[in-house]
Amino acid sequence: MTLKHWPALLALFLSFAFPFAAFAQSVDDIVPKPVEVIKSGGHVTIDSKAQILFDKPFADQAAFLKEMLAAQTGLKLSAYLNGQSKAKTHHHIYLLFDAKVISKAEMYTLTVEGKDITIRARDTGGMVYGIQTLLQLFPLGQVAEAKIANVTVKDYPRFAYRGMHLDVVRHMFPVSFIKKYIDYLAFHKFNTFHWHLTDDQGWRIQIDSYPKLNTVGSWRNATLIGHFKDVPARYDSTRYGGFYTKDEVRQVIRYAAVRGISIIPEIDIPGHSRATIAAYPEFSTKPDTTWNVATTWGMYNRQNNVLAPNPATFKFLRTVFHEVADLFPSPYIHIGGDECSKMWWKADPASQKFIKDHKLKDEKGLQTYFIEQVAGYVAEKGKKVIGWHEILEGDLDNSAVIMNWGGDKEGIAAATRKHPVIMTPGVPLYFDSYQSKDPKDSLAIHGYNPLDAVYKYEPVPASLKNTPLQQHIIGAQGNVWTEYMGNPAKVEYMIFPRMTALSEVLWTAPEKKDYADFKRRLKTAIIPRYNFWKSAYFKNFEIWTSDKQKQQ
């Protein structure tokens, strides 16, 4: 090594030993794109001597900002209730409650000027979103100080419901990853986590009133190897399962609440109930049968997985849904209601007698009866139900929220019946579908939902635009079914960057969206964020587009 190498080596050493001052990221790179941005000259310098001053409603969010800034930049700021700091400091980050300037739910303003940064909001969501925008303005790396360019941001979401779903039944994930998933939602300004907790392949939440749901229903004897369509289908021989304890669920709920995320639990009925009847055969149409917890998906019309209409079943449903409602503060409980095979009820004399005795029209009427009964049980706890769009197969009143996994046709039908509608169509919002047509890509269920199709999706059907029915489309959601996602990295690979695209669909006004600019911001600011999180993601999103589908 020669003497001429020492300056470079010294500079490299100092860059690690002494974090540097850095200008932060540009407001032009923010995702999702804000409503209004006004840039001006100058900047505010934030170092470890700066303070976070917060109004009392935002004490938890101040602690959150403090934690996130330390993790992202190494800057360890102190935080005080507004008006109680006695230390002298030149720069502050204010988190202020303001119900006058802030005129909308989940709205915030972010102002960087003079010596201070100020976020104003009137609810937890608004403050969290302001903090997330601010974090995108700070450098992504260790620094001694950060220079944040002067700017004023006024921002609020387009849709009231902005959700992401995660199935933990086919594959279960540790609480640590559930929290990380919630952090992903919060960063992208989603406000709802749909937690799919029960299905044919397992029961994933502690239930005290019916303990065999956990000792029996939470475990299956094998799991599918390869694709469902493989002939012959192959299975491992490993017992698989588990469930989240109530203490773990409370921990996750608290974690999510600080980040402005509401958690909607899903307990799937009256179909998709194979784990239930494995634990309690008396709730099935063949109570003398010993059922197994399902080892694969694709149960519809293939294997009996429906609940039987009898007094024991309805007592079970009331008790369980009350127990779940007492645990979750969300105003909604998701009750599933999809893919309910009618053939098992048709073949069951007791179910046919129930239909006749209760003057129900047919098996669709029986499905509606189940939904209405559970809606009543949930209402006893002051909550409402959400169900997949199949719950409309019968004559259901419009108190239920419809989660539509079909196309525009089903969404229009639900809105016409004046239900609140959450659009979550399989095309393009099922993120378990393939994002490439590369035969070497990892397994997915089926279909092809590339990034550009997600970004260009419009939740409001064209025929509803500028009509009174438009108001019934309250938002949309990305769904993540985990038949082929056996670990957190696979989940990340399937959601990123599609989840990032959906965040802008739900937050940003259509006229402000630009796919080319979105890709620029994705490459400039968001992919570095994935790397900072050590998250997997799909890298070939520019190669695999909707045009590829048309060409094949």
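**Entry 1**

I am working on a predicted model, where local features need pLDDT of at least 70, side-chain atom pairs count only at pLDDT 80 or more, and totals for chains, interfaces and linings use all residues. Residues are numbered from 1 along each chain as its sequence is written, and side-chain values use heavy atoms, with hydrogens and water left out.

Lys523 forms a salt bridge with Glu542, with 3.2 Å between the closest N and O atoms. The two residues tie distant parts of the chain together, 19 residues apart: Lys523 sits in helix H17, Glu542 in the loop between H17 and helix H18 (546–551). Glu542 is partly exposed as well, at 41%. For the record, I count a salt bridge when a side-chain nitrogen of Lys or Arg is within 4 Å of a carboxyl oxygen of Asp or Glu. Helices (H or I, at least four residues) are DSSP runs, numbered from the N terminus.

How many salt bridges does a search of the whole structure find? I got 27.

In helix H17 (residues 515–533), Arg520 and Asp517 are three residues apart, so about one helical turn separates them. Their salt bridge has its closest N and O atoms 3.0 Å apart. Arg520 is partly exposed at 33%, while Asp517 is buried at 18%. Both belong to a network of salt bridges that also links Asp29, Lys33, Glu504 and Arg521.

I then checked Lys180, whose side chain meets that of Glu492 in a salt bridge (3.5 Å, N to O). This pair spans 312 residues, from helix H4 (residues 175–187) to helix H15 (residues 488–495). Is Glu492 buried or partly exposed? Glu492 is buried, at 4% relative accessibility; Lys180 is partly exposed, at 27%.

**Entry 1: pocket linings**

I turned to the linings next, sorting residues by class: Ala, Val, Leu, Ile, Met, Phe, Trp, Tyr, Cys and Pro are nonpolar, Asp, Glu, Lys and Arg charged, and the others, Gly among them, polar. A pocket here is an open set of points on a 1 Å grid over the protein atoms alone where a 1.4 Å probe fits, with protein on both sides within 12 Å along at least five of seven lines; lining residues have an atom within 4 Å of a point.

The largest pocket is lined by 26 residues, and Trp297, Glu339, Tyr430, His446 and Trp481 lie nearest its centre. I noted nine nonpolar, nine polar and eight charged residues in that lining.

Conventions:
Buried < 20%, exposed > 50% of the residue type's maximum accessible area, 1.4 Å probe, protein only.
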